[in-house]
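Visitor: I have the sequence and the structure open side by side, and I would like to be taken through them with care. Could we begin with confidence and then turn to the details?

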Amino acid sequence: MNENPYARERCQQGWRTGRRLALPLLALVISLPYLANAFDLFPHAVAQSKTIKKDSANKRRPSSANRFNRLFRGHANFNLPPAKDGIHDPIIAGTLALQAPKEAFAELPKSRSGNRVDWVKALEMGIIEPRADRLDAEEKMQEFDMNIVREVKGSMPDVVYPHKQHTQWLDCRNCHPKIFIPKKGGNNISMAAILMGQYCGVCHGKVAFPVSECRRCHSKPKSPKQLAEIRKQRSARRLSTAELLAAPMPASKKPTVLKAALKAVQKKNEPPKSRMRQMSMKELMAKGKEVYDENCSACHGEKGQGIPKAFPPIAGSKIVLGPVSEHVRIVLNGKTDTAMQAWKDELNWAEIAAVITFQRNAFGNKKGDMVRTAQIRRLSR
Amino acid sequence: MRIFRGILIIFVGIMFIGSDVLSAKKRMPVTEISVKQKANVVIKLLTKSVIVKSIKNSSNNEAKATLKKARSLLGEANADLGAGNFAKADKTLNRSINLITMTARQVVTKEDRRSRMKKRYTARRDAVRAILQAYDRVAKEKGLTTGQEIRDEVVQNLNKGEELFRQNKLTEAIEVTNGTYLLATQITRKLRQGDVLVRRLSFKNKEEEYVYEIDRNDSHFLFLKMALKRKAPHPMYLKKIEKLRDLAQALREDAETKAGKNRHEEAISVLGDGTKHLIRAIRMAGIFIPG
């Protein structure tokens, strides 16, 4: 076969030309989206990509069950764009040029309060690297690891103040001595003062997470010994309430309300009468529903559905469908480290018996149990 | 071919850079409304602002001349705006803003600078003193026998800074105090690193405990107010919450009456009950209080 030398030459030339043009053409192809955006060449395609981004952002929204939860503010209500945040003037053109916080914070670790960013985690993970000094880029923050534990009254967990997480952002002189005197007993800190913008309130609620996040500071639970002491004090307090009943009625601005309060306390402390007629199932359920609506529905829901990740449901609950004694124990004494409070000081035995009967036989639960006052009295000892 | 390739690469490079610029302009379009808004801002800046007052009160003639120029630029911009030439008006307004903001730096008087430096010095000095006091307390508590030389160095430097301050050498005083501050924080940090301090709750008498309970009660009332504002609970829950709040208020009044008669122990008990009702109300409003 005779090869055509010119064909081979042309082929090689074409190959060389192609190689030379490859890089510039590649650059042109990569820059095409930027050009399209700048000159609005393909508006439909841009809109579609924005819709796709929006959809994927929507997928990160909490589920409808969690949106119902009163403890969570809806996705639509925080980190609003500058034109809708109530801070920036929406009619100023410059406001529209500002980057929306949700866009800026999209890649940062999430939190449940404030602007929904866990800034401490973002710093620890190295996602953000704020400079320690405005002028000196080499300057580092002087971290200081020392915890201060402040005991608080009652069963509320004690406060732990960690210097470490604060000194990752702040210098000693940011707080000492103008906000906190660095001396034991030198600061009369109270939640009221904090809510009014003093002490911790200088920053928290403004540029740091708000004080509605109790557990972030009240993070050291009371020991079992301390809790036992608290319960002992509470039962001792019942005696002083009896003394209160015996004392003459004080002149109050709201005598009706105080009377009702005293009546409620009196009713609560009434010993059950042995001759009291036993209630029928119908009466127990009716009374139980009344007590449930008044006291339990706020957390466990009107239909016993609970609130996901916050308050457990009554419907189908293992405790409610389990042994009566355990159910009674929890209602009487509450559950440590949860929002479930003890009801033995709030409701009398007849009311507790009725509400437990109701819970075990309502909302789809069909235990058929009738809980009696005597059972409650026995289990409360 | 090479020339063509070179031109293509340069073109693409310019587009990369240019597209950013164009995108920025798209985010902040120059329209009649945006330029009028900017003009309103510049009018206030050149007539009522603190910068203008400072320039007028100063003896800096150069700054006064710059203010005049900035105002004339504003006049030009308004004329362009009236003629519908928005892009030109926008550029002129930007020039006017740049002029006046650069001038502001020149008119900061010596007095202003001195006053700021004095504040800076006293803040640092007070911080060093507070930290040194803390160091002395902790060193005594821990029975520290070493480190006295460094502590003495801190005190010496503090005194040196104070002397320089008295001599009006503010820059040197601040520099010395900065160094002293770093040293003081370093030695204190070393002493306390890793410690856990516990502030136990103890009361000298029932009156003190009553004051604590009143504070606690106040806190919960405030918290409930905040919860109601933030959470806007359902009307069904709101009725119950208000009932609990009224109950707590009545108990508070009763407690205050008792405390007035020196029956602090009973007052504490009653206040505790009132606070319990408030906690329930706050939880009902949708904020979880642990405990």
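Visitor: What average pLDDT does chain A have?
Guide: This is a predicted model, and confidence should be read before any detail. In chain A, 70% of the residues score at least 70. Over residues 43-73 of chain A, however, pLDDT stays under 50, although the model has 32 contacts beyond four places in sequence for that stretch. Taken over the chain, the average pLDDT of chain A is 75.

Visitor: Over which other residues of chain A does pLDDT stay under 50, with 29 contacts beyond four places in sequence?
Guide: The model has 29 contacts beyond four places in sequence for this second stretch, yet its pLDDT stays under 50. The stretch in question is residues 238-257 of chain A.

Visitor: Which residue stands opposite D158(A) in β3(A)?
Guide: Strand β1 (residues 147-150) of chain A runs antiparallel to strand β2 (residues 158-162) of chain A, and four bridges join them, with N147(A) standing opposite P162(A). Strand β2(A) is also joined by two bridges to strand β3 (residues 218-220) of chain A, again in an antiparallel arrangement. In β3(A), the residue opposite D158(A) is K220(A).

Visitor: How are the rings of Y292(A) and F358(A) arranged, and what is the angle between the planes?
Guide: Over all chains the count comes to seven aromatic pairs. One of them is formed by Y292(A) and F358(A), which is tilted, at 5.5 Å centre to centre, and it links helix α13 (residues 281-300) to helix α16 (residues 349-361) of chain A, with the two residues 66 apart. Y292(A) is buried because its relative accessible area, 0%, is under 20%, and F358(A) counts as buried at 7%. The angle between the planes of this tilted pair is 50 degrees.

Visitor: Which residue joins Y292(A) and F358(A) in a cluster?
Guide: Ring pairs link three residues into this cluster, among them Y292(A) and F358(A).

Visitor: Over which ring does the charged end of R173(A) sit?
Guide: Within chain A, the charged end of R216(A) sits over the ring of F209(A), 4.0 Å from its centre. For R173(A), the charged end lies 4.6 Å from the centre of a ring in chain B, that of Y181(B).

How values were computed. Residues numbered from 1 in each chain as written. Chains lettered and ligands numbered in written order. Predicted model: local features only at pLDDT ≥ 70, side-chain atom pairs only at ≥ 80, totals over all residues. Heavy atoms only, no water. pLDDT = per-residue confidence, 0-100. Contact = heavy atoms within 4.5 Å. Pairing = 2+ DSSP bridges. Phe/Tyr/Trp six-rings, centres within 6.5 Å; stacked < 30°, edge-to-face > 60°. Buried < 20%, exposed > 50% of the residue type's maximum accessible area, 1.4 Å probe, protein only. Lys NZ or Arg CZ within 6 Å of the ring centre and 35° of its normal.
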